[in-house]
Amino acid sequence: MDNIERRDREMAYISDRAVMEEQKRTRKILHRLNTVDPSDFDEIGRLVKELFGKSDKAFVNPPFYCDYGFHIETGKNFFANYNCTIIDVARVTIGDNCQFAPNVSIYTAGHPVHPDSRNSLYEYGIGVSIGDNVWIGGSTVILPGVHIGSNTVIGAGSVVTKDIPDWVVAAGNPCKVIRKITEEDRRYYYKDRQFDDEAWEYVQNLNL
């Protein structure tokens with residue numbers, strides 16, 4: 001079994017020449033993405049679509065970093081702000097209408113704990129999945145194997161080491177559930193600040 005197959009089966013693998021050849025293709029696209037005119041939104045969108053394995057109106061604010069790109073699948077209307085890093089050794093699946101604040105990092109990759117095993121150059125990738133309508137706060141780190149449920153908010157600066165359920169606010173290092181998201185939250189845009197009447201009418205009339 002070659003190392004590409006081992007990697008894609010989430011087995012221990014070594015980044016040999018064949019693995020690095022796949023990364024070369026990605027790095028060429030990333031170079032174009034990260035040096036494009038930042039006001040050329042159409043070209044940024046086109047490059048993101050070329051980079052990702054699957055996307056539907058995805059957009060990232062450069063700079064953006066990943067290993068392969070084709071291991072990243074996003075649903076409708078994905079947005080990632082500046083300095084997003086997705087180490088997509090394993091598959092990263094992101095649902096519809098997800099938003100990442102600046103400096104979000106997803107790491108599917110890891111290395112053995114014992115130094116003898118780690119120095120063998122074997123590493124691994126274990127997939128990450130994120131549901132629909134998820135907002136990830138700035139400078140959050142998501143570790144291998146994590147699933148984040150739909151309609152959930154992850155607070156800024158979190159380190160997500162374990163699965164997080166649907167419909168919660170979670171934060172911290174390690175990230176833990178703080179509270180449920182309820183119908184009462186709909187009227188507020190920030191802490192105790194309510195939408196004004198004009199904005200609230202717009203929100204109510206949306207067909208989401």
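Predicted model: local features only at pLDDT ≥ 70, side-chain atom pairs only at ≥ 80, totals over all residues.
Residues are numbered from 1 along each chain as its sequence is written, and side-chain values rest on heavy atoms, with hydrogens and water left out.

Helices (H or I, at least four residues) and strands (E, at least two) are DSSP runs numbered from the N terminus, and two strands are taken to pair if DSSP finds at least two bridges between them. An open sheet with parallel pairing is formed by 5 strands in the order S3-S6-S9-S14-S17. S3 and strand S17 (159-160) stand at the edges with a single partner strand each, so one side of each has no neighbour in the sheet. Within this sheet, strand S9 (residues 105-107) and strand S14 (residues 141-142) pair in the parallel sense over 2 bridges, and serine 105 has valine 141 in S14 as its bridge partner.

A further open sheet, with mixed pairing, comprises 7 strands in the order S2-S5-S8-S13-S16-S18-S19. Its edges are S2 and S19, each with a single partner strand, so one side of each is left without a neighbour in the sheet. Strand S13 (residues 135-136) runs parallel to strand S16 (residues 153-154), to which 2 bridges join it; tryptophan 135 stands opposite valine 153 in S16. S18 and S19 run antiparallel and are joined by 4 bridges, with lysine 180 in S19 as the bridge partner of valine 168. Of the 5 residues of strand S19 (residues 176-180), the number buried (under 20% relative accessible area, with exposed over 50% and partly exposed in between; 1.4 Å probe, protein chains only) is 0, so S19 lies largely in the open. The hairpin of S18 and S19 has 4 residues between the strands, and glycine 172 takes a positive phi near 115° there. In the loop between S18 and S19 lies proline 174, and the peptide bond from asparagine 173 to proline 174 is cis, with omega near 0°.

Parallel pairing also links strand S1 (residues 54-56) to strand S4 (residues 72-76) over 2 bridges, with lysine 54 opposite glutamate 73 in S4. S4 in turn pairs with S7 in the parallel sense over 3 bridges, and isoleucine 72 has valine 92 in S7 as its bridge partner.

The buried residues of helix H3 (residues 41-51) are Ile44, Leu47, Val48 and Leu51. Seen down the axis of H3, these residues fall within an arc of 100° (taken from the directions from the helix axis to the C-beta atoms), so they line one face of the helix. The face turned away from the buried side of H3 carries the exposed residues Asp42 and Lys49. The cover over the buried residues of H3 includes helix H2 (17-35), strand S2 (59-60) and strand S3 (64-66). Phenylalanine 64 is in contact (heavy atoms within 4.5 Å) with residues including Leu30, Leu33, Leu51 and Ile72, not counting residues up to four places away in sequence. In the loop between S2 and S3 lies proline 63, which is joined to proline 62 by a cis peptide bond with omega about 5°.

Tryptophan 200 belongs to helix H5 (residues 197-205) and counts as buried at 14% relative accessibility. Leaving aside neighbours within four places in sequence, tryptophan 200 is in contact with Arg186, Arg187 and Phe195.

Positive phi values occur at two further sites. Glutamate 10 has a phi near 60° and is partly exposed, with a relative accessible area of 40%. Leucine 121 has a phi of about 80° and is exposed, with a relative accessible area of 57%.
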